[in-house]
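Got the model open and wondering where words like "core", "pocket" and "buried" come from? Let's go through them one at a time.

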Amino acid sequence: MATVTVNAMGEQCPIPVVKATRALREMSGSGTLEVLVDNEVAVQNLRRMAEGNKLPFRAEKRGEKEYAVTMTVDAPLGDAPREEPPVIACAPDSRGDFVVAVDCDTMGRGSEELGKILMKGFLFAVSQLEHLPGTILFYNGGARLTVEGSDSLEDLRAMEAQGVEILTCGTCLNHYGLTEKLAVGGVTNMYAIVEKLSAASKVIKP
């Protein structure tokens, strides 16, 4: 499978989507389309484009203003004429002003094994929401979900790439000896956690 890379760094909507659409039309077989952009709105617009074409989508944040969006193409999209696509409306930021607060690496009470499965499913479900949370807070046992080895890293990184703020309590990471293993998002403190919770329109707690 060939990989086609489109560099849309520094480009504003709708240019990244226009370039990606053109590249998809030019792909003669199966492969991967990688689009490089530097803003979250472009990531969200490319996600909508991928969904419209029923293509698997993945977003990765590689730097402060560097995102890589990939779409997997199993077969050519068809014989659509290779012309400029119609004007595309730039989608506004789809993040909401609600906060998700996670204080444990399991969900519910009873079986710990089942609780871990439920928590993984919960975070995946959050990543699929039409309106993503503005911030996800991890504290106490929830800090284990943002470090190396977590089963939820891919979902969390995908949300971070779309602008969701991922924050983990620094005191909690230190308590569990995980400070050096943080793999997604940033470190925060109790003052910031309280500010995020108090300013949110609503707080979701699994």
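Q: What makes a set of residues a nonpolar core?
A: A nonpolar core is a set of buried Ala, Val, Leu, Ile, Met, Phe, Trp, Tyr and Cys residues joined through side-chain atoms within 4.5 Å. Keep in mind that this is a predicted model. Its largest nonpolar core has 22 residues, and those with the most contacts inside it include Leu24, Leu33, Val35 and Val37. Leu46, Val69 and Met71 are also among those with the most contacts there.

Q: Which elements supply at least two residues each of this core?
A: Helix 1, strand 2, helix 2 and strand 4 each do. Helix 2 gives the largest share, five residues. Apart from this core lies another, of 17 residues, including Val100, Leu153, Leu156 and Met159.

Q: Why would nonpolar residues gather like that?
A: Because nonpolar side chains tend to be buried together in soluble globular proteins.

Q: What is Val69 in contact with, leaving aside its neighbours within four places in sequence?
A: Contact takes heavy atoms within 4.5 Å. On that test, Val69 touches Leu33, Glu34, Val35, Val43, Leu46, Phe57, Arg58 and Ala59.

Q: How do you know that the length of helix 2 agrees with its residue count?
A: Helix 2 has 13 residues, so at 1.5 Å a residue it should span 18 Å; its end C-alpha atoms are 19 Å apart, which agrees. After helix 2 comes Lys54, with a positive phi near 55°.

Q: Which residues of helix 2 are called buried?
A: The cut-off is under 20% relative accessible area. The residues of helix 2 that pass are Ala42, Val43, Gln44, Asn45, Leu46, Arg47, Met49 and Ala50. Their cover includes helix 1, strand 2, strand 3, strand 4, helix 3 and helix 4.

Q: What makes a residue part of the lining of a pocket?
A: A lining residue has an atom within 4 Å of a pocket point. The largest pocket has a volume of about 270 Å³. Of its 15 lining residues, Phe57, Arg58, Ser127, Gln128 and Ala158 are the closest to its centre. Helix 4 gives the largest share of that lining, four residues. By class, the lining has seven nonpolar, three polar and five charged residues.

Q: How many charged residues line the second largest pocket?
A: Six, along with three nonpolar and three polar ones. Asp, Glu, Lys and Arg count as charged, and the lining includes Asp105, Lys116, Lys120, Arg144, Glu148 and Asp151. This pocket holds about 210 Å³ of space.

Technical notes: Residues numbered from 1 in each chain as written. Predicted model: local features only at pLDDT ≥ 70, side-chain atom pairs only at ≥ 80, totals over all residues. Heavy atoms only, no water. 1 Å grid on protein atoms, 1.4 Å probe; cavity = no way out; pocket = protein on both sides within 12 Å on 5 of 7 lines; lining within 4 Å. Points joined across faces, edges and corners; volume = space filled by probe spheres on them. Expected span 1.5 Å × (residues − 1). Buried < 20%, exposed > 50% of the residue type's maximum accessible area, 1.4 Å probe, protein only.
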